[in-house]
Amino acid sequence: MINQQESLESILKSPEFAPHIAFERVLEAADGRYAPFPKGLDDRIAAALKRRGIEQIYTHQAEVWEQCQAGKNVVVVTPTASGKTLCYNLPCLQALLRDEKARCLYLFPTKALSQDQQSELNELVKPIHSTLEFCQGKTPHPEGLSIKVSTYDGDTPESLRVAARDTGRIIISNPDMLHAGILPNHPKWIKFFSSLKYIVIDEAHAYRGVLGSHVADVIRRLRRIAAFYGAKPQFILCSATIANPQELSEALIGQEVVLVDNNGAPRGEKRIILYNPPLLDAVQGIRRSVVTESRRWMLAFLKAGIKTILFAHSRVKTEVAAAYVNEDLANLYTDNSRIKVEAYRGGLLPNERREIERGLREGSIQGVVSTNALELGIDIGGLDASVVAGFPGSFNSFWQQSGRAGRRGGTSVSVFVASASPLDQFIMNDPEWFFRKSAEEARLDPDNPYILTDHIKCAAFELPFTNEELGVGKGETPPLIGPFGKGAQDVLEYLEEEGIVRHTGARWHWADRSFPAEGISLRSATADNVVIIDVTKGRNAVIGEMDRPSAKELIFVNAVYIHRGRQYLVESLDIANRKCLVREAEVNYYTDGLVKTDIKVLSEDESFICGNSNTVDAAQPSAVSETAAANGVVGDVLVRSQVAKFKKIRFHTQENIGYGDIDLPEEEMQTCALALLFGPDTAGGKVLAAMDEEETGSVLSGAGTLIKLIAPIFLLCDPRDLGLAERVRDPHFGIPALYIYDKYPGGTGLSEALARRTAELFRSILAAVERCPCKSGCPSCVGPGGNKAGTVKFLQALKGQC
């Protein structure tokens with residue numbers, strides 16, 4: 001019988017794939033480094049580990065234990081499947097067994113991860129009363145650790161919430177529930193907060209940009225309430241590989257953190273394949289579809305008995321790819337059972353997600369096609385191959401997705417199938433650049449004035465601020481400054497002027513009738529999901545859900561909705577009542593909404609001269625200087641996106657077989673923007689005036705790409721927090737313009753802050769493009785295929801006036 005290694009070699013050398021493999025790199029296997037169970041580890045924990053076949057731990061797990069026992073906060077950064085879960089479970093369980101009153105809080109970014117962690121913990125601690133005899137006798141199970149683990153999130157029924165609060169030793173939740181459900185109701189959680197020993201923050205790299213800034217302020221509120229009840233918990237954070245894990249962790253929790261990144265887990269050999277689909281039209285550069293080629297790779301692996309995950313990066317592509325693969329496997333059986341592949345994406349019901357996760361762990365499902373929903377560390381068992389269909393947007397994401405294969409040792413393979421996009425093709429032409437490129441940095445700014453004000457409102461509602469925690473105590477004893485620091489006083493004084501708080505008796509009290517946490521979302525996405533109901537033959541069964549903006553793009557009337565391989569036609573979409581009715585159908589096409597976006601200027605609040613000390617003057621909305629690099633305007637804009645038409649795309653051939661109209665209201669977001677204007681009297685405008693329209697567009701696009709890369713460094717945000725639009729001739733101002741806007745309703749102050757640093761920004765982006773060794777443009781500067789020479793000339797003119 002051919003073993004898996006031989007099957008893999010056969011696939012890679014087959015004429016079907018080998019001619020189009022652009023590059024292959026082998027990451028060598030590494031032996032594990034182990035340590036005995038720590039001295040002082042409770043015998044019951046050691047016994048529970050041994051029951052699961054664990055006789056020793058990895059060296060990084062031992063190091064985390066030592067740091068925790070020394071009272072330190074820790075962030076552990078090791079690869080996927082390296083045992084990070086045990087890093088925090090050991091010290092937490094030890095603390096809970098040592099002190100019967102002790103409590104721990106586990107925070108995960110998604111509900112799916114919370115459920116996964118509860119299952120993992122239940123296996124370790126076992127139920128207290130796992131048999132009828134023990135239930136009747138009310139005595140601990142002899143093999144159990146007598147620790148109650150409770151999940152407390154939006155899916156937790158009201159009937160279980162009181163028990164979780166009162167008797168849960170480990171509470172598993174997420175930042176959103178902590179923000180809106182737990183902290184504002186802290187008097188109900190006295191028993192929990194007064195004995196809180198550890199706070200675990202898993203997938204800490206997910207908390208960056210505006211979301212991370214919100215979560216950092218939620219952690220400040222958490223620390224403040226814990227201190228009020230006399231607790232000073234330690235933090236244990238886990239992160240994927242990013243460039244600055246220690247810096248991010250310290251910004252997130254507001255305390256010093258020890259970095260543990262010396263991985264002791266064994267690693268099997270991994271082969272990274274860069275695959276460029278064959279050209280269909282060399283003149284136009286058209287290649288075979290990335291979905292088609294990814295499906296061929298997945299089929300080859302599954303037929304060879306290699307369990308595989310395919311990342312498809314959109315809900316539609318995920319369902320279409322899974323349908324293709326299942327169609328090809330319809331009559332293929334191995335060991336008397338059919339190979340089963342499932343689609344895993346946002347919008348599945350919780351029980352469907354858990355069914356797929358369980359099937360992958362137990363082996364009844366051999367393959368899965370997923371969006372980035374499985375990028376995070378949900379346990380889906382041992383997969384030996386991952387196929388990444390197109391670059392996922394960041395190097396962190398690529399390595400996370402690649403790391404989903406090879407979780408149980410042995411040789412694994414990860415295939416990156418390139419799309420026709422300029423970035424993907426640049427990687428195929430310069431693979432060494434791809435492997436040299438380091439992981440991105442993650443940034444956040446909890447002192448962003450917009451975000452800080454929101455959370456100081458919440459904190460004042462929860463507990464009055466005292467002068468002492470603001471650093472204004474009297475006498476010789478230095479004040480005990482709270483988690484928000486001295487900067488909170490300015491915000492409180494502003495809120496007092498607005499009548500939201502009242503300052504009396506050295507305290508700042510909440511004075512408004514509102515419930516502040518209710519109106520503050522940690523995430524940009526709207527919370528009002530549309531429920532999808534199957535009305536076939538009178539079923540009226542809920543089969544999924546989708547956020548409102550996505551619903552307008554994907555489940556409009558006459559759209560094809562694919563759910564776990566079944567096709568449905570949308571009969572009606574009622575946005576107001578958040579309801580979509582679908583009926584089963586058999587069609588030979590899928591649909592794709594065509595989205596158009598535009599920007600409308602609502603107000604010009606402030607104007608300034610870029611590069612001339614960046615003085616903002618609201619009284620001179622049209623101020624122009626002959627020596628200006630550019631002119632800038634800060635104001636409110638309306639970002640409108642509308643799905644007005646849709647395409648019908650035939651399965652397999654990808655040909656467009658028709659269009660349809662969509663009658664839905666626009667999705668609107670009012671936000672704050674910075675407009676950089678390049679009129680004829682500015683240095684930038686004079687350079688652009690000498691170019692034709694096409695060259696002007698390419699130069700503005702190159703400058704925009706650089707701003708998108710560099711601006712987050714100044715603003716301590718994530719690139720996804722900023723929107724950017726280039727206008728060769730802007731309809732509002734009538735001249736070339738670049739818009740940089742906050743991608744959050746109402747704005748978060750990012751574009752406003754950038755307005756005061758344009759001179760520094762222009763100098764930095766010019767330095768970045770001049771340092772770049774490429775000849776005509778690459779993803780590190782103006783973008784692949786960009787106009788590097790023209791962009792450099794344009795930026796030099798801007799810098800000359802800075």
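User: Why is phenylalanine 17 called buried?

Analyst: Its relative accessibility is 1%. Buried means under 20% relative accessible area, exposed means over 50%, and partly exposed is in between (1.4 Å probe, protein chains only), so phenylalanine 17 counts as buried. Keep in mind that this is a predicted model, where local features need pLDDT of at least 70, side-chain atom pairs count only at pLDDT 80 or more, and totals for chains, interfaces and linings use all residues. Residues are numbered from 1 along each chain as its sequence is written, and side-chain values use heavy atoms, with hydrogens and water left out.

User: And what about tyrosine 275, buried or exposed?

Analyst: Buried, because its relative accessible area is 0%.

User: What makes phenylalanine 17 and tyrosine 275 an edge-to-face pair?

Analyst: Rings of Phe, Tyr and Trp (its six-membered ring) pair if their centres lie within 6.5 Å; planes under 30 degrees apart are stacked, over 60 edge-to-face, and the rest tilted. Here the centres are 6.1 Å apart and the planes make 70°, so the pair is edge-to-face. The two residues are 258 apart in the chain, with phenylalanine 17 in the loop between α1 and β1 and tyrosine 275 in strand β11.

User: Why do phenylalanine 426 and tryptophan 433 get that label?

Analyst: Their centres are 5.2 Å apart with 90° between the planes, so they count as edge-to-face as well. Both are buried, and both belong to a cluster linked by ring pairs, which also includes Phe23 and Trp399.

User: How do you know that β1 and β11 pair?

Analyst: Two strands pair if DSSP finds at least two bridges between them; strands are DSSP runs (E, at least two residues) and helices are runs of H or I, at least four, numbered from the N terminus. β1 and β11 (residues 270-275) have six bridges, so they pair, in the antiparallel sense.

User: What makes β1 and β17 edge strands?

Analyst: They belong to an open sheet of seven strands, ordered β1-β11-β20-β19-β14-β18-β17. β1 (21-27) and β17 (341-344) each have a single partner strand, so one side of each is left without a neighbour in the sheet.

User: Why does arginine 224 count as sitting over phenylalanine 465?

Analyst: The rule wants NZ of Lys or CZ of Arg within 6 Å of the ring centre and within 35 degrees of the ring normal. The charged end of arginine 224 is 3.9 Å from the centre of that ring, and it sits over the ring. Arginine 161 lies over the face of tyrosine 152, at 5.3 Å from the ring centre.
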